[in-house]
Protein chains: 4
Amino acid sequence: MCRWIAYRGAPIALEHYVTAPAHSLVEQSMRALEATASTNGDGFGLGWYGEHDEPGLYHEVRPAWSDENLRHLCRHIRSHLFFAHVRASTGTPTTRPNCHPFAHGRWMFMHNGLIGDWSLIRRKVEGLIPDALYQSRVGTTDSEAVFLAILGAGGEKDPIGATAETLATLTDMVRASGTADPLRFTAALSDGRNLYAFRFCTNETANTLYYREAAGSAVIVSEPLDSERDCWTVVPPGHMVIARPGERVALQPFMAGVHHAAAE
Amino acid sequence: MCRWIAYRGAPIALEHYVTAPAHSLVEQSMRALEATASTNGDGFGLGWYGEHDEPGLYHEVRPAWSDENLRHLCRHIRSHLFFAHVRASTGTPTTRPNCHPFAHGRWMFMHNGLIGDWSLIRRKVEGLIPDALYQSRVGTTDSEAVFLAILGAGGEKDPIGATAETLATLTDMVRASGTADPLRFTAALSDGRNLYAFRFCTNETANTLYYREAAGSAVIVSEPLDSERDCWTVVPPGHMVIARPGERVALQPFMAGVHHAAAE
Amino acid sequence: MCRWIAYRGAPIALEHYVTAPAHSLVEQSMRALEATASTNGDGFGLGWYGEHDEPGLYHEVRPAWSDENLRHLCRHIRSHLFFAHVRASTGTPTTRPNCHPFAHGRWMFMHNGLIGDWSLIRRKVEGLIPDALYQSRVGTTDSEAVFLAILGAGGEKDPIGATAETLATLTDMVRASGTADPLRFTAALSDGRNLYAFRFCTNETANTLYYREAAGSAVIVSEPLDSERDCWTVVPPGHMVIARPGERVALQPFMAGVHHAAAE
Amino acid sequence: MCRWIAYRGAPIALEHYVTAPAHSLVEQSMRALEATASTNGDGFGLGWYGEHDEPGLYHEVRPAWSDENLRHLCRHIRSHLFFAHVRASTGTPTTRPNCHPFAHGRWMFMHNGLIGDWSLIRRKVEGLIPDALYQSRVGTTDSEAVFLAILGAGGEKDPIGATAETLATLTDMVRASGTADPLRFTAALSDGRNLYAFRFCTNETANTLYYREAAGSAVIVSEPLDSERDCWTVVPPGHMVIARPGERVALQPFMAGVHHAAAE
């Protein structure tokens, strides 16, 4: 049960959302309010777009709250589109390659959730990754495997369709495996220009997701960053958010029928 | 506000107290119950006596709960006298040399507390360390400085007297500095044979200390390791515990008058 | 091009071979003499058998030469059978799960070499690992995959046969992949009782291997630990060494014909 | 014997000097040519000035060559004035606070050298640091202590004079201590606007220093970054380099008489 934040808008120093607010992501690393794991101390990561097509990445296995580097980087790096993530492991080791966000070419991804009983379906999920992309698998998490599977399903051309297709396949795999664990997927995906965020779960326990839009910028978060909860809009389960340059943030259904089908 | 455990008795694998109990030290690293900081994720350490005079040490900056090495070491290392400590920093950086326990020759020390406003009196406390011992100062914590000051005050010959003398000096320094912060000292000291544990504070907020004696072994802890709280004896503020081979554990006053003097 | 040492004999402190000799393994981490990579600073590991069936493990991503923990552990841990390994990565990330030795149940393995062009055949090699063992894959190295493949081929019942069978399969995979890189395999395997070490390569560039036998103990190394090179016996390419309790060390051919077949 | 680079000029991505050249600083971390320690694997650091007065810092205890974060940061961070440093410890532990560069307010400093027998004069050197600055001492290196001593001697107003005064004092301390070790000081200092680099030693073994000037930018290095050695000017012992905005780089004597005095 990790916590994350994604930003898209005018270029801004990362510190405005990662380290500075009252309930900043770094603060959530020590005391999350809406997560089942209250401590998110199993590593963290930053990813940001700048002048290059490929995002910059910073991964660290130490807790975010004691990392002096993180404070310096968040103060000095400005970006129009960035991700930050604090990790509470669901079983895989605490290594840098297992820290979010993950990147491949210009695409970047981070995730809060779990993919059923990972030990039961890991091999099948990895089987969804095409050979050419499998070389990019540097860690062992379910999240990285799902990201590469989405790209393998055509995510670069149709990110929403490929994500939906991959989640439908994963839902079948999780059910067929016999585990009682759900598939929980609260995730962000971007190509450096458009930002997509998804909230999906195969049962009633979808991980939380909120967003806030102001002055042309969008902030999408696991938990509100401050006490002004009225400013934040809940993304309902089975929905997604799209933030494109020059457009209002769009909230729309995403795989809305899948959960109901599962519940019948 | 750290958490620690000290053991003296028949040789035993460290896991029996460090990783295995319901409320083990590793569990306390994520969720301490009686500490002001509920997460103790700023590094940890082990120290144990074996066939050599000098103790073995293991220090790590990652949180104890995610360290696979710790589980292996606690399962495979046996000792008749060992310390384990999870750290919640009071300001100094999270580095290995700042992790407890500290060792010098055959002496080992660990601490839960703080020494007033460290930035105000650091230089004076370091001034208590004799030149010969100052070379052993590898970190920057108040705790390590106090340990070396105790040894400098004759701790190897008279550990209790030297500790009391050092704390009296420190109490004066803290008061003279003008800080409102107290001197809190809940600490363990050993030469590999005898184990001393102290609970002292210059105000009413002494950090907790408990002990349990059974079948010739003594376990001294910041917090009980299990729900059978009846088995654990509280060490009152202004008291200390002594565990010597072949003797019953002794609970006795330690600087009991100092706090009252302060309160007058 | 890593460096390693394996010991089997009377229980001894690890320091006698890992940290103390003139050209100890830790010294080799900074300046190896017979390796293509002169610095082995991409992590290291210890594995040792004690009172439990399963070995203890210590993995660290920092270079061996600056790890104070390593000195303490090597001084205080005694074992009748242990492995130590300093790593020079051939491409996979420097993480703890990618450090040798690897363990599964009572079996332990470490490796110096490479498996052709890993990016080309990784998926096929992972395909050799049975489902039940795939859950034990915590890292991303070729070495760990080969270890689990050997166990999957029946290594627990017939370690030499399963290793030979796996290497024959790997040799075919490497050749079929079209890479010019050889399969180099200089490795150690043990169940806590018997120690097996192999030197094999699909071309003329087998990584070095030596052993020394004295007073009932066997030491097997990538490079001699001291300048008395006369004391060390070269293990020729296409050979292996077996050290069993109560028996003399046996040097015997291992897949001796495979390389010749390849060279024809 | 560390290696470092300092840049001042038009804003540029750090990668141009830190990671990209044939003999880049990262390459030097594994194989320095002109240093007594050929491997500089005891941590590294970056410091750069951007839109804030205070520099950004990145410190890491792992070797530079295997740090993926470093590659990302050097590719994405641009600066008009930056420092990079790979460390080979002369005795103090490998911790982040012991990694160069050091910063205090707008001032930044890094060092290649040693201050005689540090264990003999450490306390006296620390005694040069005013109380107000002593709170900024987060590590235990000689280099950080010298930096804070220079600031304490008025370095913010007269950086060259304060550095000379501090080195004169240190030279006396080293001589009085009776050690045979020299004082070696090849260092860089900046306030974000002007860049000063010094080459000084109390005997004939001053650590190397070079610079290159082109198109209004200055690069100052421990070792040339490429094979075009003609492009690089040697800074002789007892000299310093000053790079100010809008001016040509100035090479001038610095404490030139002190060494001769010592030799008499």
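This is a predicted model: local features need pLDDT of at least 70, side-chain atom pairs count only at pLDDT 80 or more; totals for chains, interfaces and linings use all residues.
Visitor: Hello! What rotation superposes chain A on chain B?

Guide: Good place to begin. Two copies of a chain are related by a rotation about an axis and a shift along it. For chain A and chain B the shift along the axis is 0.0 Å and the RMSD is 0.0 Å, with a rotation of 180°. That is the relation of a two-fold axis, and the rotation asked for is 180°.

Visitor: Which residue of chain A comes closest to that rotation axis?

Guide: Going by C-alpha position, the distance to look for is 2.8 Å. The residue of chain A at that distance from the axis is Arg62(A).

Visitor: How many residues of chain A are in contact with chain B?

Guide: The same surface serves both copies, since 92% of the contact residues of chain A recur in chain B. On the side of chain B, 13 residues take part. From chain A, the number in contact is 13.

Visitor: What area do chain A and chain B bury between them?

Guide: The size of an interface is often given as the accessible area lost when the parts come together. Here carbon and sulfur atoms account for 48% of that area. The side of chain A that touches chain B divides into five nonpolar, four polar and four charged residues. The area buried between the two chains is about 930 Å².

Visitor: And how many salt bridges are there between chain A and chain B?

Guide: Polar contact does occur between these chains, with four residue pairs, both partners at pLDDT 80 or more. A salt bridge calls for a Lys or Arg side-chain nitrogen within 4 Å of an Asp or Glu carboxyl oxygen. Between chain A and chain B the count is zero.

Visitor: Let us turn to chain D. How many salt bridges are there between chain D and chain A?

Guide: The contact takes 21 residues from chain D and 21 residues from chain A. About 1,900 Å² is buried between them, and carbon and sulfur atoms give 44% of it. One of the salt bridges joins Arg75(D) and Glu54(A), with the closest N and O atoms 3.9 Å apart. The count between chain D and chain A is ten.

Visitor: Which element gives the largest share of the side of chain D that touches chain A?

Guide: Across this interface there are 15 residue pairs in polar contact, both at pLDDT 80 or more. The elements of chain D that give two or more residues to this side are β3 (56-60) and α3 (68-76). By type, the residues on this side are six nonpolar, six polar and nine charged. The largest share, six residues, comes from α3(D).

Visitor: Which residue of chain D has the C-alpha nearest the axis that relates chain D to chain A?

Guide: Chain D is superposed on chain A by a rotation of 180° with 0.0 Å of shift along the axis, at an RMSD of 0.0 Å. The same surface serves both copies here, with 100% of the contact residues of chain D recurring in chain A. The C-alpha nearest the axis in chain D lies 3.7 Å from it and belongs to Ile77(D).

Visitor: Which residue of chain C forms a salt bridge with Asp131(A)?

Guide: Over all chains the structure holds 60 salt bridges. In this one, the closest N and O atoms are 2.7 Å apart. Asp131(A) lies in helix α5 (residues 131-134) of chain A and its partner in helix α4 (residues 118-127) of chain C, so the pair joins two chains. The partner is Arg123(C).

Visitor: How many residues apart in sequence are the parts that Phe109(D) and Phe147(D) tie together?

Guide: The structure holds 30 aromatic pairs over all chains. Phe109(D) and Phe147(D) form a stacked pair, 5.3 Å centre to centre with 5° between the planes. Phe109(D) lies in strand β6 (residues 107-115) and Phe147(D) in helix α6 (residues 142-152) of chain D, so the parts tied together are apart in sequence by 38 residues.

Visitor: Which residue does a cis peptide bond join to His100(B)?

Guide: Omega for this bond is about -10°. In chain D, a cis peptide bond joins His100(D) and Pro101(D), with omega about -15°. For His100(B), the residue asked for is Pro101(B).

Visitor: Last one: what is the phi of Ala215(B)?

Guide: Ala215(B) is found in the loop between β9 (210-214) and β10 (217-221) of chain B. Although Ala215(B) is not a glycine, its phi is positive, at about 50°.

Notes
Residues are numbered from 1 along each chain as its sequence is written. Chains are lettered from A and ligands numbered from 1 in the order in which they are written. Side-chain values use heavy atoms; hydrogens and water are left out. Copies are superposed by least squares on the C-alpha atoms of residues with pLDDT of at least 70 in both. Contact means heavy atoms within 4.5 Å. Buried area is the accessible area (1.4 Å probe) that two parts lose on being put together, summed over both. A polar contact is a pair of N or O atoms within 3.5 Å; within protein, one must be able to donate a hydrogen and the other to accept it, and residues adjacent in sequence count only if both atoms are side-chain atoms. Ala, Val, Leu, Ile, Met, Phe, Trp, Tyr, Cys and Pro count as nonpolar, Asp, Glu, Lys and Arg as charged, and the others, Gly among them, as polar. Rings of Phe, Tyr and Trp (its six-membered ring) pair if their centres lie within 6.5 Å; planes under 30 degrees apart count as stacked, over 60 as edge-to-face and the rest as tilted. Helices (H or I, at least four residues) and strands (E, at least two) are DSSP runs, numbered from the N terminus.
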